[in-house]
Amino acid sequence: MRQRVQKEASRPDPPMHLAVVACGERLEETLTMIKSAVLFSIKQLHVHIFAEDQLHASFMEALEAWPAFIHSRFNYTINSISFPSENTAEWKKLFKPCASQRLFLPNILKDVDSLVYVDSDIIFLQPVDHLWHFLFQFNSSQLAAVAPEHEEPRIAWYNRFARHPYYGRTGINSGVMLMNMTRMRSVYFKNDMTSVGLSWDELLMPLLRKYKLNITWGDQDLLNIIFHYNPDFLLEFPCHWNYRPDHCIYGSNCASAEEHGIYILHGNRGVYHDSKQPAFRAVYEAINKFDFAKDPLTSLLDPLEKELLKTTHTYCGKSHTLFTKRLEHSVMNINRKRPRQR
């Protein structure tokens with residue numbers, strides 16, 4: 001009995017769960033996202049990678065090459081892309097290849113209570129733990145947390161162009177989504193198709209059939225429709241948790257980033273891979289090229305700050321201090337927990 005009690009007392013906290021979907025040319029981008037998540041996180045992390053079968057070996061080879069002290073911080077599983085047998089082709093081609101996979105995670109990962117879903121073009125600039133903490137701020141009805149699609153209605157997309165219902169004033173962006181999947185599996189969702197609520201898996205296909213000719217952004221639009229009719233199920237977090245080029249391309253319009261710095265960078269529109277937004281690309285390349293064995297202060301933060309100074313000819317580059325404000329804290333925390341070099 002004593003040994004059992006001791007074992008229970010020393011049992012680690014359950015891991016945080018992070019999910020991402022990778023299809024097509026998204027291998028390196030996804031690995032960079034995972035790298036940023038593992039690099040800064042405090043608690044153990046379990047990463048669920050959903051990828052096309054031809055990418056599995058490449059993911060495994062890259063992840064297994066990471067050093068042992070990094071492996072001690074996370075586990076991962078690589079899963080095949082999986083859609084309902086009916087309408088597989090339709091779901092797979094919705095918006096970007098395989099992006100709608102995220103809609104089916106509650107029914108695929110049935111043993112997982114909660115997780116963070118992110119698009120592959122996400123870069124964490126601080127621990128996943130701080131995002132995970134929003135789960136403990138959910139009230140009794142909330143089952144997901146996301147950021148708004150925009151802060152400024154005059155230049156927002158949904159309120160100007162959407163041909164379907166959407167959440168709130170400006171819609172939501174689903175590139176970073178915290179989900180209590182136990183609740184998602186157990187509640188019934190109001191909708192404009194039936195007089196009774198539908199479960200999550202009952203809702204998706206009828207929703208696509210009704211709105212497929214009216215949606216532009218695929219699964220994100222479907223989520224906007226769902227939460228338009230179920231706003232009490234959603235917690236909104238501020239824009240610095242999902243900071244995109246829209247927040248600076250026409251001048252800074254994310255007040256919470258101005259105050260706190262950027263917590264999570266979202267390089268949508270392919271900005272990590274072209275020259276249109278060099279500040280976003282500089283952050284991506286700094287994380288991508290960082291060697292785990294090096295000092296993150298001198299090999300990550302310092303070189304990045306120098307690169308960002310070269311981007312001040314762009315509106316986003318003029319806000320370059322926002323890109324490193326929170327990252328600096330994260331780097332200092334890494335240095336405190338790094339194993340000492342002999």
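**Chat: strands, a helix and disulfides**

User: Hi! In what sense do β1 and strand β2 pair, and over how many bridges?

Analyst: β1 and strand β2 (residues 45–51) pair in the parallel sense, over seven bridges. Strands pair here if DSSP finds at least two bridges between them, and the elements are DSSP runs numbered from the N terminus: helices are H or I of at least four residues, strands E of at least two. This is a predicted model, where local features need pLDDT of at least 70 and side-chain atom pairs count only at pLDDT 80 or more, while totals for chains, interfaces and linings use all residues. Residues are numbered from 1 along each chain as its sequence is written, and side-chain values use heavy atoms, with hydrogens and water left out.

User: Is β1 buried or exposed?

Analyst: Seven of the seven residues of β1 (residues 16–22) are buried, so the strand is largely enclosed by the rest of the structure. Buried means under 20% relative accessible area, exposed over 50%, and partly exposed in between (1.4 Å probe, protein chains only). M16, L18, V20 and A22 point one way, and H17, A19 and V21 the other.

User: Switching topic: how many disulfides are there?

Analyst: A search of the whole structure finds three, taking a disulfide as a pair of cysteine sulfur atoms within 2.5 Å. C23 and C98 have their sulfur atoms 2.1 Å apart, C239 and C254 have theirs 2.0 Å apart, and C248 joins C316 with S to S 2.0 Å.

User: What about handedness for C23 and C98?

Analyst: The torsion about their S-S bond is about -100 degrees, so that disulfide is left-handed. The pair links distant parts of the chain, 75 residues apart. For C239 and C254 the torsion is about 105 degrees, so that disulfide is right-handed. C248 and C316 come out at about 90 degrees, so theirs is right-handed too.

User: One last thing: which residue has a positive phi although it is not a glycine?

Analyst: R269, with a phi of about 65 degrees. Most residues other than glycine have a negative phi. R269 lies in the loop between β9 (264–266) and α13 (278–289), and R269 is exposed, with a relative accessible area of 53%.
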